[in-house]
Amino acid sequence: MIFLIQLLVTGFALGMVYALVAIGFVIILKCSNVFNIAQGHFVLIGGYLGYTFLVTFGLSVWVSLLFSVGVAILLGLLIERFALRPLIGQPELAVIMMTIALASVLEGFVTLIWGAQYKTYHGVLPTLNLNLGQISIPSESLIGLIVSIVAVGIFALLFRYTKIGLAMRATAEDLQVVQSLGIKATTVYAASWIIACVVGVIGGILLGGVSGVSIPLAEVGMKAFAVVLLGGANSIGGAIVAGVILGMLENVASGYLDPLLPGGGLSQIFPFLVMLIVLIFRPYGLFGMVRIERV
Amino acid sequence: MGLRSETFHENYAQDTAIYKTRLHSGALFVFLVLLAVCPLFLSDRIVTIMTMIGIAIISVHGLNILTGYSGQISIGHVGFMAVGAYTSAFLTVHWGWSFWAALPCAALAAGIAGLIFGLPSLKIKGFYLIMATIAAHFIIIWLIIQLRDITGGTDGMAVPKPRVGSFVFDSKASFYYLVMTIACFATLLAVNIVRTRAGRAFVAIRDNDLAAEVMGISLWSYKLQAFFIGCVYAGVAGALLVHYFGFASIDQFPFMDSVWYLGMLIVGGMGSTMGAILGAIFLKLLDELVTFFGPILSAFIAAQAAASMALIARGLVIIIFLIIEPRGLAHLWGSVKAYFKLWPFSHEE
């Protein structure tokens with residue numbers, strides 16, 4: 001029982017990080033109808049940025065976070081301006097291929113700059129140990145949880161109370177109405193890419209602190225997709241709930257199912273199984289909007 | 001379109017013919033002859049590259065029918081290649097079948113896998129289908145690793161070379177002929193599939209599936225047909241790949257290759273058989289360029305430059321094509337032809 005609760009608690013913290021990464025994906029999807037396959041690579045870049053600022057430059061946690069977010073904003077601006085804006089109005093496949101190609105280019109640059117080696121900054125992040133009875137919460141998980149909750153809260157406030165947040169929500173609702181009201185759609189697109197980059201990079205720093213950074217970290221993007229599909233592609237609340245569910249399920253699966261199979265690794269394809277099942281039985285996720293198509 | 005101004009079509013058969021003029025069939029004949037004789041003059045290395053291009057062309061033809069014509073985007077194509085590859089490897093190694101009997105079975109097995117993983121396409125499309133096909137890839141690879149007794153798991157398995165009587169296809173040139181013959185038949189089949197009733201149904205589904213359904217096209221049947229045909233091609237390509245190397249291992253079927261096959265389609269031009277061929281050639285040659293320049297870059301910049309160059313170059317090429325020429329090389333080729341059709345007296349529209 002203790003084992004199960006332990007798994008659920010760490011799964012919850014992991015799930016919040018997944019949710020954070022997934023939110024970046026959902027924001028781009030809502031605002032500009034683009035499915036961003038490169039979301040996992042923002043996480044990868046975040047992990048390496050965290051390593052660079054924390055270990056190579058030896059900066060403090062908060063300064064590193066600030067610099068990383070700065071780089072993320074720049075990256076988001078560049079990607080939106082030079083890769084996505086020329087494709088406005090192009091078919092869905094072209095846009096998806098663009099984000100896949102972006103993922104490849106980003107991975108190429110990461111390899112070029114950091115050499116694709118395994119880097120770790122375990123222990124550099126501050127330690128916070130919390131014990132509830134017999135259940136201990138690892139420090140990284142707790143920090144991940146806190147930062148994720150704070151970030152999600154900040155973005156919730158941004159959407160609720162700022163002009164750009166209002167513009168983004170309106171664009172998600174109806175692009176043509178927004179344009180006729182004089183809101184520049186490209187500004188909204190740029191903002192959504194910046195936010196996606198920032199949450200990806202923050203998620204990368206958190207995950208890098210738990211398990212180190214190497215190229216496979218980008219596969220977190222895949223988990224974020226599973227989260228998005230489970231939660232419903234256009235629901236931010238759904239992403240958070242689904243992120244937590246998936247994080248817990250994955251932890252429980254790796255705790256109970258992996259010992260059953262000789263090769264293990266069931267937890268690795270677990271998100272994909274969840275994805276397939278959700279896609280077949282409930283394609284619009286738990287909280288997604290069912291779109292009615294008309295010819 | 002693209003015909004010289006003196007050409008007239010007087011009946012329906014002429015209008016729908018694949019070879020519309022003597023020039024077309026003549027050019028094809030010359031091309032085939034060149035294809036047949038070139039291993040006699042070229043080095044083994046170039047013949048190897050051309051063999052790999054041939055295998056890629058077979059695979060991309062399948063993806064073109066599935067994605068380019070039917071609009072069902074699949075990023076799990078390499079997974080289906082792996083199904084074909086391991087079916088053929090299992091049949092030839094464990095049951096001692098000949099390659100010629102195993103190849104159709106490999107194609108069939110990949111096609112059936114395509115049918116199974118194509119099922120979600122009946123309810124979902126676009127990004128959701130992409131996710132389902134990505135899931136298909138990882139589940140297939142996971143199964144291959146788990147079914148150690150059949151597939152050899154992560155260790156892989158040695159696969160015999162194809163043979164006819166006492167002749168073994170073990171030289172580079174002999175395998176080149178094998179692959180190119182199959183590639184030519186695959187191309188012929190691909191050109192003709194899209195001219196059939198099914199091919200026209202595929203295009204209708206791609207352009208608007210709801211409208212197609214209203215017109216009486218059974219989405220259920222034709223989407224699954226598209227998946228079946230596309231994956232049959234993948235299965236043949238996968239089987240050829242492992243028999244060429246004489247070894248089957250999951251490292252031959254990395255996930256990113258699915259992406260590059262889709263990239264070949266983008267670069268070549270979606271929904272064009274010519275585009276599938278041009279795209280496969282273009283990206284494979286780009287790879288060769290990277291392999292050639294990689295060590296030079298590594299010497300000057302950093303040790304890992306060669307590895308990163310491949311990713312950056314392929315990604316950038318796809319990005320540039322998406323922005324500048326979204327309809328790909330096939331369209332570019334068409335515009336060049338259209339320009340020279342009236343040359344030197346071309347006019348601006």
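Biologist: What is the mean pLDDT of chain A?

Modeller: This is a predicted model, in which local features need pLDDT of at least 70 and side-chain atom pairs count only at pLDDT 80 or more, while totals for chains, interfaces and linings use all residues. Residues are numbered from 1 along each chain as its sequence is written, and chains are lettered from A and ligands numbered from 1 in the order in which they are written. On the pLDDT scale, which gives the predictor's confidence in each residue from 0 to 100, 92% of the residues of chain A reach 70 or more, and the mean for chain A is 83.

Biologist: Which element of chain A has the highest mean pLDDT?

Modeller: The elements are DSSP runs numbered from the N terminus, with helices (H or I) of at least four residues and strands (E) of at least two. The lowest mean in chain A, 70, belongs to strand 1 (residues 130–132), whereas the highest, 91, belongs to helix 3 (residues 61–84) of chain A.

Biologist: Which residues of helix 3 of chain A make the contact with helix 2 of chain A?

Modeller: The axes, lines fitted to C-alpha atoms over the stretch in contact, with angles from 0 to 180 degrees between N-to-C directions, come within 9 Å and cross at roughly 135° for helix 2 (residues 39–56) and helix 3 of chain A. Helix 2 of chain A is therefore oblique to helix 3 of chain A, as angles under 35 degrees count as roughly parallel, over 145 as roughly antiparallel, 65 to 115 as roughly perpendicular and the rest as oblique. Where contact means C-beta atoms, placed from the backbone, within 7 Å, helix 2 of chain A brings Gly46(A), Leu49(A), Gly50(A), Phe53(A) and Leu54(A), and helix 3 of chain A brings Ser64(A), Phe67(A), Ser68(A) and Val71(A).

Biologist: Are helix 8 of chain B and helix 11 of chain B roughly parallel or roughly antiparallel to each other, and what are they called?

Modeller: The axes of helix 8 (residues 172–193) and helix 11 (residues 219–245) of chain B come within 12 Å and cross at roughly 175°. Helix 8 of chain B and helix 11 of chain B are therefore roughly antiparallel.

Biologist: How many residues of helix 6 of chain B are buried?

Modeller: Helix 6 (residues 127–146) of chain B reaches 29 Å from its first C-alpha to its last, close to the 28 Å expected at 1.5 Å times one less than its number of residues. A residue is buried if 20 or more other C-beta atoms, placed from the backbone, lie within 10 Å of its own, exposed if 12 or fewer, and partly exposed in between. Helix 6 of chain B is mostly covered, and of its 20 residues the number buried is 14.

Biologist: Which helix gives the largest share of the side of chain B that touches chain A?

Modeller: The contact takes 38 residues from chain B and 36 residues from chain A. Two or more residues on the side of chain B come from each of several elements, including helix 6 and helix 12 (255–268) of chain B. The largest share, 12 residues, comes from helix 14 of chain B.

Biologist: Which residue of chain A is in contact with Ile73(B)?

Modeller: Ile73(B) lies in the loop between helix 3 (44–69) and helix 4 (77–94) of chain B, and it is buried, with 23 other C-beta atoms within 10 Å. Leaving aside neighbours within four places in sequence, Ile73(B) is in contact with Thr67(B), Leu129(B) and Ile130(B), and also with Leu93(A).

Terms used:
Contact = placed C-beta atoms within 7 Å.
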